[in-house]
Amino acid sequence: MSAQLRTPEDLSGLLKQHRAATDGQGAVDVETRKRRLQAVIDLLVDHHQELCAAMAADFGGRPIGFSLMNDILGSLGSLKYARDHLEEWMGPEPRQVFTPYDQMGAQAWVQYQPKGTVGIIGTWNAPIFTLFSPLASALSAGNRAVLKPSEVVPETARVLGRIIGECLDPLDVAVITGGVEIGQAFAGMPFDHLVFTGSTQVGKKIMRAAADNLVPVTLELGGKSPAIIGSSADIREAARRLAIAKGTNGGQLCISPDLLYVPEAAREEFLEAFCDTYSTLYPTIEGNPNVVSVVNDQHMARIDGYVAQAQEAGAELVRCPDVPVPTQGRKRPLSIVINPPLTVDIMREEIFGPALVLLTYSDINHVVAEINSGERPLALYYFGEDEAERTFVLEHTRSGGVTLDDALMHAAMEDAPFGGVGASGMGHYHGREGFAEFSHARTVFRSAPVDPRGEWGLLPPFSDQFAAMMAAQVTR
Ligand code: NAD
């Protein structure tokens, strides 16, 4: 069978082959896991130029250097980290046996077994990373995998389909390309685990479809990630770092700062420093090869619509750089919407593009309360030197992850889990936690050669002595 699957029937057939191979294989040793990971590493190294060209074509403008850093090196980082650490993760873990069996020679351990085949659905915004970074964790745990790239980046999906088909054993890693119908069929397949990266809305559909087969899911979703600039922060430096983060991938990142909470008294200083940095990074927009395009007209219209609606509702708007909005193409200056009413879409929907909301505040308690009144975000950022305030923010909010005094950075941690909470997702990949996510933690108990339960009066017919013995152990 070709590794490039075309129909749900092809996929169903491959999953049966995977199941037969998994049932017949026994333990998946270190060498097999490393070989599979290395084959994927080699594929990315051999085809990185083609993949970056495909991403540039799909976006209608995405710098090659950025695609290398974000998608190719991001994926290679996860794959190599998994390859170089899986041996220390996968061994059996001895566990403490309960009394009195511990004194009779019983043993117990946890054995981390591969689940089987992991299905991985990726997004368009980081089309390689959202497939290959979870794949690293899935393969480190000894699984097989099938990938489903996003149809919004058709050229990238086509190249992935071809190179995976040519270079990888379909019993290790296969791929199926296609649109929403293929996605729906994919989510309804009896995988042993399903990873979905995408919107919260589609994530709910995925979980419903997976429930029919009781397939466990990892949902890597989005949301409105807030950044709180404390009044003890170096305002200009916070603005500089947030401007760098917001420009990354044209704002089309799941952890892109979406709502900025700025102390009322620091508003002008912050705005000036933010726009200074943004306009230095992107002095022009139209035709500027460093500006990442909005991926398609539909998303462009969505973001333009959010900004126009907020402006109509009376919100102040600052554009940086302060240039005319291009009438051609899908590159835009950043729109900063200031203090819009709560009712407009930009206050409710994930922005996911070159716009953000700046909200001024005078009381940090109100900021925390406002964040807590919404869905749990994927990321949260805090800037400030005030240790008590930092602790207060960390302890009174929930989010998938946190970066302090910068933005985006925690997601680059290979040695720590990445994932959401609540509406921003469940489960995680990266690091040892990613290995555990795709493993079945199987407890094995090996009993002792002697069995004194009869002698000790622990078996029926139960005596009063037995009841007294049990009652004596009801302690605090
Ligand atoms: P999306 O939800 O529209 O699509 C994601 C994938 O799901 C695509 O492959 C698509 O083909 C498939 N799909 C769409 N409808 C489906 C259905 N009914 N059944 C099965 N599959 C279906 O998301 P998107 O627009 O590609 O990506 C943007 C979203 O992803 C944002 O919300 C962003 O925050 C989130 N995201 C999250 C992470 C993360 O790691 N948490 C990373 C990147 C993006």
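Helices (H or I, at least four residues) and strands (E, at least two) are DSSP runs, numbered from the N terminus. The model is predicted, so that local features require pLDDT of at least 70 and side-chain atom pairs count only at pLDDT 80 or more, while totals for chains, interfaces and linings use all residues. Residues are numbered from 1 along each chain as its sequence is written, and side-chain values use heavy atoms, with hydrogens and water left out.

Figure 1. The peptide bond from T99 to P100 is cis, with omega near 0°. P100 is placed in the loop between strand 2 (93–94) and strand 3 (107–114). A cis peptide bond also leads from C320 to P321, with omega near -5°. P321 belongs to the loop between strand 11 and strand 12.

Figure 2. Strand 12 (residues 334–338) is largely enclosed by the rest of the structure, because 5 of its 5 residues are buried. Here buried means under 20% relative accessible area, exposed means over 50%, and partly exposed lies in between (1.4 Å probe, protein chains only). L334, I336 and I338 point one way from strand 12, S335 and V337 point the other way, and all are buried. Two strands pair if DSSP finds at least two bridges between them. Strand 11 (residues 316–320) runs antiparallel to strand 12 and is joined to it by 5 bridges; in strand 12, S335 is the bridge partner of R319. With strand 13 (residues 355–361), strand 12 pairs in the parallel sense over 4 bridges. The bridge partner of I336 in strand 13 is L356.

Figure 3. N339 has phi near 45°, a positive value in a residue other than glycine. This residue is found in the loop between strand 12 and strand 13. N339 is partly exposed, because its relative accessible area is 35%. For H430, phi is near 85°, again a positive value in a residue other than glycine. H430 is found in the loop between strand 16 (425–426) and helix 13 (431–437). With a relative accessibility of 2%, H430 counts as buried.

Figure 4. Side chains of opposite charge can pair when their charged atoms come close. A salt bridge is defined as a side-chain nitrogen of Lys or Arg within 4 Å of a carboxyl oxygen of Asp or Glu. The structure holds 23 salt bridges. In one of them, R162 pairs with E50, the closest N and O atoms being 1.9 Å apart. This pair links distant parts of the chain, with R162 in helix 5 (residues 154–167) and E50 in helix 2 (residues 30–59), 112 residues apart. R162 counts as partly exposed at 27% relative accessibility, and E50 counts as partly exposed at 29%.

Figure 5. K148 and E151 meet through their side chains in a salt bridge (3.4 Å, N to O). K148 counts as buried at 4% relative accessibility, whereas E151 is partly exposed, with a relative accessible area of 36%. A salt bridge also joins the side chains of K224 and D258 (2.7 Å, N to O). The latter pair links distant parts of the chain: K224 is in the loop between strand 8 (217–220) and strand 9 (225–229), and D258 is in strand 10 (residues 257–263), 34 residues apart. K224 and D258 are both buried.

**Figure 6. Charged and nonpolar surface patches.** Patches are made of residues with over 30% relative accessible area and no salt bridge; like charges are joined within 9 Å, and nonpolar side chains (Val, Leu, Ile, Met, Phe, Trp, Tyr) within 5 Å. Lys and Arg count as positive and Asp and Glu as negative, whereas His and the chain ends are not counted. The place of a charge is taken as NZ of Lys, CZ of Arg, CG of Asp or CD of Glu. Accessible areas come from the Shrake-Rupley method with a 1.4 Å probe, and for residues only the protein chains shown count as cover. A surface patch of negative charge gathers D234, E269, E272 and E385. E272 has its place in helix 9 (residues 267–281) and is partly exposed, with a relative accessible area of 48%. L394, V402 and L404 form a nonpolar surface patch, with about 200 Å² of accessible area together. V402 lies in strand 15 (residues 401–404) and is partly exposed, with a relative accessible area of 31%.
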